[in-house]
Each structure stands twice: as C-alpha cells, then as structure tokens.
Amino acid sequence: MTDHDYRDIRSAVARLCAGFPGPYWRGLDRERAYPTEFVRALTEAGYLASLIPEAYGGAGLPLSAAVAILEEIHAQGCNAAACHAQMYVMATILRHGGDEQKQRWLPEIAAGRLRLQAFAVTEPTSGTDTGALATFARRDGDGYAITGQKIWTSRAEHSDLMLLLARTSPKDANAKHTEGLSVFVVDLREAVGHGLTIRPVRTMMNHATTEIFLDGVRVPAANRIGEEGQGFRYILSGMNAERILIAAECIGDARWFIAKAASYAKERVVFGRPIGRNQGVQFPIARAHAACEAAALMVDKAAALFETGAPCGAEANMAKLLAADAAWAAAECCVQTHGGFGFAEDFDIERKFRETRLYQVAPISTNLILSYLAEHVLGLPRSY
Ligand SMILES: Cc1cc2nc3c(=O)[nH]c(=O)nc-3n(C[C@H](O)[C@H](O)[C@H](O)COP(=O)(O)OP(=O)(O)OC[C@H]3O[C@@H](n4cnc5c(N)ncnc54)[C@H](O)[C@@H]3O)c2cc1C
C-alpha cells in the first residue's frame with residue numbers, strides 16, 4: 001500500500017463503522033428509518049466535509065480520499081447512501097457559486113450545522129432525458145416562483161438545503177433542450193409548508209427517497225447558482241465526481257460480499273468437507289474478486305484524472321459501470337455461496353443485495369453509460 005491508499009483514513013473509518021454493526025442496519029431496514037446516528041458520527045468526524053476546501057472549514061482533501069472513505073464504509077457493511085450526496089452536491093456551489101453564496105453555505109455545511117443532502121433533478125415524466133424536465137422557475141420580482149414535480153429526491157426529509165434544476169425558459173425557446181435550465185438552492189426549512197410538499201417513496205431498500213411537489217415556491221434570486229439558463233452545464237460538471245464516488249461504494253460492497261462469501265465457504269461443511277473446496281463454489285468467488293479488483297483500478301484511474309483536472313468522462317462512466325457490475329456479480333455469488341442462509345435477514349446479505357442493485361439504475365443506468373461510451377468514445381451514431 002502507498003500513502004495514496006489513505007491507510008489512516010481507512011482504519012479510522014473502519015473503527016467508526018464498527019459502532020454500527022449489522023443489527024443497527026437491520027433494524028433501520030425493517031422500519032425504513034434514517035440512520036441518524038451514523039450520519040451524525042460521520043459528520044462529527046468531518047468525513048462529509050472532506051472535499052470542502054480548508055478556506056471554508058473543510059478538510060480540503062482530494063477526490064481519492066473521498067473514494068477511500070466511501071469504499072471503506074461499504075466494505076464494512078454500512079451504507080453511505082444516507083449522506084454521500086453531502087460530499088459532492090456542494091461542488092456545484094463551490095465551482096459555480098458566487099463568493100457570497102460560498103461564504104453563506106460552505107462553512108456551515110463543513111461545520112455540520114447545515115445539511116445539503118438533496119439533489120432534485122429527476123422528474124416523473126422526463127426520466128433520464130433531463131432536457132425534457134418541466135418544473136418551471138418564473139421570475140417574480142427579486143426572486144422566482146417555482147412550480148412542478150420531482151421524483152426520487154433522496155434524503156429531502158433529512159436535508160436543510162436542496163439543489164434543484166428547473167426550467168427558466170420554455171423548452172422550445174432554446175436551440176437545445178438542455179439550455180434554459182437553472183440551478184437553485186432551495187432552503188427546505190422555509191419552503192416546506194409554503195408551496196413545497198415532500199412525500200416519501202417506499203422502495204425495495206431503505207433509501208429515504210421522496211417525491212417533491214412545488215406550487216409557486218418562492219426562492220430568492222440570490223439562491224440561483226451562476227447564470228440563468230446555464231444550469232445543465234453546472235450539474236453535468238459535478239457528475240463525474242458523483243459517478244466516481246458511487247463506483248467507490250460499489251467496490252466497497254463487492255469487497256464485503258467477497259469477504260463474506262470466502263469466509264463462509266471455508267467454514268460451511270457439507271458432505272464432510274468445506275463447500276469452498278469445490279471448484280463450483282470457489283470459482284465464482286475468485287471471478288468476482290478479479291472483476292472487483294479490475295473495476296477498482298478504473299475507479300483509481302478516474303479519480304486520478306479528475307484530480308489533475310484532465311477530462312475523465314469516459315473513465316468516470318466506465319468506473320461506475322464496471323464497479324456496479326462487480327458489486328452485483330459479487331452479491332449474486334455471495335447469496336449462492338450461502339445457499340438458504342443467503343436469504344436470511346440475520347446474515348445481512350439479502351439487505352446488501354437489495355442495496356447494491358440500485359447502482360445498475362442510479363444515478364445513471366447501465367444502458368445510458370453504454371450509450372455514452374458508444375457515442376463519445378467509439379464514435380458510433382447517437383442512438384436516441
Ligand atoms: C432509490 C433511488 C434514488 C434516487 N435518487 C435520486 C436523487 O437523489 N436525485 C435525482 O435527481 N434522481 C434520483 N434518482 C433517479 C435516478 O437517477 C433515475 O432513476 C435514473 O437516472 C434512471 O431514470 P428513470 O428512472 O427515469 O428511468 P428511465 O429514463 O425512464 O429509463 C427506464 C429504463 O430504460 C432505459 N433507457 C432509457 N432511455 C434509453 C435509451 N435511449 N437507450 C437505452 N436504454 C434506455 C434505462 O436505462 C432504464 O433502464 C434515484 C432513483 C432511485 C431508484
């Protein structure tokens with residue numbers, strides 16, 4: 001291992017995670033409850049502010065440190081989905097916000113006094129086609145009145161601020177559908193009950209996701225990030241970081257499943273011998289390990305490119321694709337290795353299996369990554 005592996009950070013994260021073992025997550029999963037104590041512990045340890053520059057009270061660490069933190073959380077059997085957005089959503093403010101906005105929000109986020117966990121892009125009718133989103137922010141004096149609907153806005157009930165993408169000019173008024181969109185920071189403490197309603201959406205795993213209804217919600221113009229109409233560009237610029245960080249979580253999941261499968265295969269005795277002595281049991285675990293380590297290299301490569309400021313769209317997308325696939329293959333192999341016990345709640349495998357399935361679909365689905373690679377890397381015709 002090199003310093004680049006952040007051994008100290010990883011072992012500190014592992015120690016913190018030891019305080020949140022399987023029964024903690026199982027209990028929450030049953031109730032679909034938010035891991036408040038876990039998120040508080042991560043916040044107090046400063047991990048969620050690791051990417052915020054020191055000038056604003058954060059740790060000012062590079063992306064690869066955040067990769068190590070999220071990967072380790074997942075490798076320990078915990079789940080960072082309850083708070084991972086806090087790490088990267090702030091980048092839109094950091095990169096595109098004005099000085100006043102940065103001073104207003106970033107130090108408070110870094111200190112853990114303000115939560116920026118929610119990121120409202122997806123809408124029920126637009127799906128992956130962000131340019132088709134219809135939520136509209138109408139200029140109204142010194143602010144905007146926002147009306148529309150969002151879906152899958154995760155953690156909105158556990159966030160003070162929400163980054164929202166809305167139209168500020170009609171779709172047909174722009175040459176491209178992705179133009180005419182703007183980014184706003186919505187203060188949920190003021191907006192809820194004043195035109196904004198949050199409704200939880202129950203899903204196959206415990207994810208605190210919601211749908212949001214906006215009916216003339218007032219947002220001051222001072223909360224618009226950057227120039228009006230340029231919002232899609234600002235959101236896109238943060239997506240590489242998001243993909244790399246989610247990929248890191250997938251690597252952590254894959255490592256957790258592989259360790260669990262290998263350990264059980266050594267212990268479980270059937271027909272008078274450990275099941276792991278059978279190649280039919282060994283080989284899927286070995287294959288899952290190889291896929292995980294290969295995907296981890298792509299995550300490292302993407303993070304290294306990101307840190308130098310070099311283009312990394314292809315690598316970030318490939319990292320997300322390969323890591324999500326590696327996690328899913330490892331999950332499948334772990335269930336199979338455990339036989340019936342793979343389905344038992346007490347083994348945590350079925351819970352992690354449901355959790356890791358998400359990353360084939362969100363934050364971007366596998367098909368859309370393949371389309372990106374086909375079109376932008378291989379020069380094939382655009383398919384949609
Ligand atoms: C639990 C959860 C949490 C989420 N959290 C957030 C969040 O916090 N904020 C947020 O904004 N969004 C969030 N999302 C939304 C997520 O980003 C989307 O679900 C995802 O991008 C896919 O969009 P969609 O569900 O609208 O699928 P659709 O766009 O309707 O696509 C459906 C299927 O068709 C495929 N497909 C669509 N178009 C094509 C094409 N041209 N070629 C080939 N295949 C295609 C897709 O790959 C997909 O498999 C979350 C989703 C979930 C499930």
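Residues are numbered from 1 along each chain as its sequence is written. Because the model is predicted, local features need pLDDT of at least 70 and side-chain atom pairs count only at pLDDT 80 or more, while totals for chains, interfaces and linings use all residues.

**Exercise 1. Find which domains hold the ligand and describe the shell around the ligand.**

Step 1. List the domains. The assignment gives domain 1 (3-110), domain 2 (116-232) and domain 3 (233-377); such bounds come from an automatic or database domain assignment.

Step 2. Collect the shell. A residue is near a molecule if its C-beta atom, placed from the backbone, lies within 6 Å of it. The ligand is surrounded by 22 residues, and the closest are Gly 127, Thr 128, Trp 152, Ser 365 and Asn 367.

Step 3. Assign the shell to domains. Domain 2 and domain 3 both give residues to it, so the ligand lies between them.

Step 4. Assign the shell to elements. Helices (H or I, at least four residues) and strands (E, at least two) are DSSP runs, numbered from the N terminus. Strand 1 (116-120) and helix 13 (366-377) each supply at least two residues, and helix 13 gives the most, with 3 residues.

Step 5. Sort by class. Ala, Val, Leu, Ile, Met, Phe, Trp, Tyr, Cys and Pro count as nonpolar, Asp, Glu, Lys and Arg as charged, and the others, Gly among them, as polar. The shell has 11 nonpolar, 11 polar and no charged residues.

**Exercise 2. Describe the contact of domain 1 with domain 3, and the place of helix 4 in it.**

Step 1. Take the separation: the C-alpha centres of domain 1 and domain 3 lie 20 Å apart.

Step 2. Count the contact residues. The contact takes 25 residues from domain 1 and 25 residues from domain 3; two residues are in contact if their C-beta atoms, placed from the backbone, lie within 7 Å.

Step 3. Name the elements. On the side of domain 1 that touches domain 3, two or more residues come from each of helix 2 (22-31), helix 4, helix 5 (85-88) and helix 6 (90-96). Helix 4 has the largest share, 10 residues.

Step 4. Sort that side of domain 1 by class: 12 nonpolar, 8 polar and 5 charged residues.

Step 5. A residue is buried if 20 or more other C-beta atoms lie within 10 Å of its own, exposed if 12 or fewer, and partly exposed in between, with C-beta atoms placed from the backbone.

Step 6. Check the length of helix 4. The expected span of a helix is 1.5 Å times one less than its number of residues. For the 13 residues of helix 4 (residues 63-75) this gives 18 Å, and the end C-alpha atoms are 18 Å apart, which agrees.

**Exercise 3. Locate the largest nonpolar core and follow helix 9.**

Step 1. Apply the rule: a nonpolar core is a set of buried Ala, Val, Leu, Ile, Met, Phe, Trp, Tyr and Cys residues joined through C-beta atoms within 7 Å. The largest has 123 residues, and Ile 244, Val 299, Ala 323 and Ala 330 have the most contacts inside it.

Step 2. Find the main contributor: helix 9 (residues 231-267) supplies the largest share, 18 residues.

Step 3. Trace Ala 323. Neighbours within four places in sequence aside, Ala 323 is in contact with Ala 247, Cys 250, Ile 251, Ala 295 and Val 299.

Step 4. Turn to Glu 242, which is also in helix 9. Glu 242 is buried, with 21 other C-beta atoms within 10 Å. With neighbours within four places in sequence left aside, Glu 242 is in contact with Tyr 88 and Pro 363.

**Exercise 4. Which backbone features stand out at Pro 363, Ala 208 and Asp 348?**

Step 1. Recall the background: most residues other than glycine have a negative phi, and most peptide bonds are trans.

Step 2. Examine Pro 363. A cis peptide bond joins Ala 362 and Pro 363, with omega about -5°. Pro 363 lies in the loop between helix 12 (349-357) and helix 13.

Step 3. Examine Ala 208. Its phi is positive, near 50°, and Ala 208 counts as buried, with 24 C-beta neighbours inside 10 Å.

Step 4. Examine Asp 348. Its phi is positive, near 70°, and Asp 348 is partly exposed, with 19 other C-beta atoms within 10 Å.
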